[in-house]
Structures are given as structure tokens and as C-alpha cells.
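Student: I am new to this structure. Could you take me through one part of it closely, and then show me what surrounds that part?

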Amino acid sequence: QVRLVESGGGLVQPGGSLRLSCAASGFVFSVTAMGWYRQAPGKQREMVAAIRSGGSTNYGDSVKGRFTISRDNAKNTVYLQMNSLKPEDTAVYYCKRGYFGAYDFVPLDSWGQGTQVTVSS
């Protein structure tokens, strides 16, 4: 059974940093692409970042240069380091397994609870 458990969300001031973690189980993590999505109230869900099994990455335009996705295959964990946070980064963040299609990351499985990130002074 696929299980993805996100953690690390919280309240942070504008300009601050947070690191999200996602502990994975139930599949072969080391050969699986992983991604982070987010959804703000009243907005469509958007891809934030994704990482291939080999380590190459893709980022959404709104987070390029501020967010970094990484993975630790020994720990079956994917991370999202978020720096220079802005109020518009406020959203529920979801960790997903998936694959890279012709153009971008394609998520698999149903959506879980995610972790709330709130950027506010």
C-alpha cells in the first residue's frame, strides 16, 4: 500500500524558510519520480517541484530560485526546501509519486491530507 506522509508545514513570516519532508513507503522509492504540489484556497492545484529518480529536477515558474526539491533514497524521503517565502506561497502542500510524461510530471494515486504552509506577518 502506497503511503506518503508529509510534515514540516507551519506558520512563517514573509522572507522566512521552511523545509517540508515526505516519508514514502509501499513502493520502490529509489526508482520513482516524486513531486510536490500545492493548492491555495480558491485556486487550482499547481505543481511546485518534481525530481526524477536520477536527481534531475523541474520547478514551477513561481518558485524557481526560491524552492529546492531533493531526495534521500536511503531514507525513502523527499524534501522541499522553501526560502524567501511570500504570502502567495500560502497553501496546502502535497507530496506525490508519479512519472515524467512528454512535458512534465504526472502524479499518481489519490490526494492525501497534505501539510499546511501559511506565510503571514
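Tutor: Start at Thr57. This residue sits in strand β6, which covers residues 57-59. The model is a predicted one. Is Thr57 buried, exposed or partly exposed? The relative accessible area of Thr57 is 33%, so it counts as partly exposed. Now look at its contacts. Setting aside residues up to four places away in sequence, Thr57 touches Ala50, Ile51, Arg52 and Ile69. Take Ile69 from that list. Thr57 and Ile69 are twelve residues apart along the chain, and their C-alpha atoms are 7.3 Å apart.

Ala50 leads on to the cores.

Strand β4 spans residues 33-39. Six of its seven residues are buried, so the rest of the structure largely encloses this strand. What does β4 pair with? One partner is β9: the two strands run antiparallel and share seven bridges. Within β9, Tyr94 stands opposite Tyr37. Another partner is β5, again antiparallel, with five bridges. Here Trp36 faces Ala49 of β5. β4 and β5 make a hairpin, with six residues between the two strands. Gly42 lies in that turn, and its phi is positive, about 75°.

Trp36 takes us to the largest nonpolar core, which has 25 residues. Which members touch the most others? They are Trp36, Val48, Phe67, Val78, Leu80, Met82 and Tyr93. Several strands build this core. Those giving two or more residues are β3, β4, β5, β7, β8, β9 and β11. The biggest share comes from β3, with four residues.

Pick Met82 from this core. Leaving out neighbours within four places in sequence, Met82 contacts Gly16, Ser17, Leu18, Leu20, Arg66, Phe67, Tyr93 and Val117. Two of these names, Phe67 and Tyr93, are also in the list of members that touch the most others.

Next, some backbone angles. Most residues other than glycine have a negative phi. Ser84 has a positive phi, near 50°, and is not a glycine. Where is Ser84? It lies in the loop between β8 and β9. Its relative accessibility is 41%, so Ser84 is partly exposed. Asp109 is another non-glycine residue with a positive phi, about 70°. This one is in the loop between β10 (105-107) and β11. Asp109 counts as partly exposed because its relative accessible area is 39%.

Finish with the largest pocket. Its volume is about 270 Å³. How many residues line this pocket, and which are closest to its centre? There are 15 in the lining, and Val2, Arg3, Leu4, Ser110 and Gly112 are closest to the centre. Strands β1 (3-7) and β9 each supply at least two lining residues. The largest contribution is from β1, which gives four. By type, the lining holds six nonpolar, five polar and four charged residues.

Technical notes: Residues are numbered from 1 along each chain as its sequence is written. This is a predicted model: local features need pLDDT of at least 70, side-chain atom pairs count only at pLDDT 80 or more; totals for chains, interfaces and linings use all residues. Side-chain values use heavy atoms; hydrogens and water are left out. A nonpolar core is a set of buried Ala, Val, Leu, Ile, Met, Phe, Trp, Tyr and Cys residues joined through side-chain atoms within 4.5 Å. Buried means under 20% relative accessible area, exposed over 50%, partly exposed in between (1.4 Å probe, protein chains only). Contact means heavy atoms within 4.5 Å. On a 1 Å grid over the protein atoms alone, a cavity is a set of points where a 1.4 Å probe fits but cannot get out, and a pocket is an open set with protein on both sides within 12 Å along at least five of seven lines; lining residues have an atom within 4 Å of a point. Grid points are joined across faces, edges and corners, and a volume is the space filled by probe spheres set on the points. Ala, Val, Leu, Ile, Met, Phe, Trp, Tyr, Cys and Pro count as nonpolar, Asp, Glu, Lys and Arg as charged, and the others, Gly among them, as polar. Two strands pair if DSSP finds at least two bridges between them.
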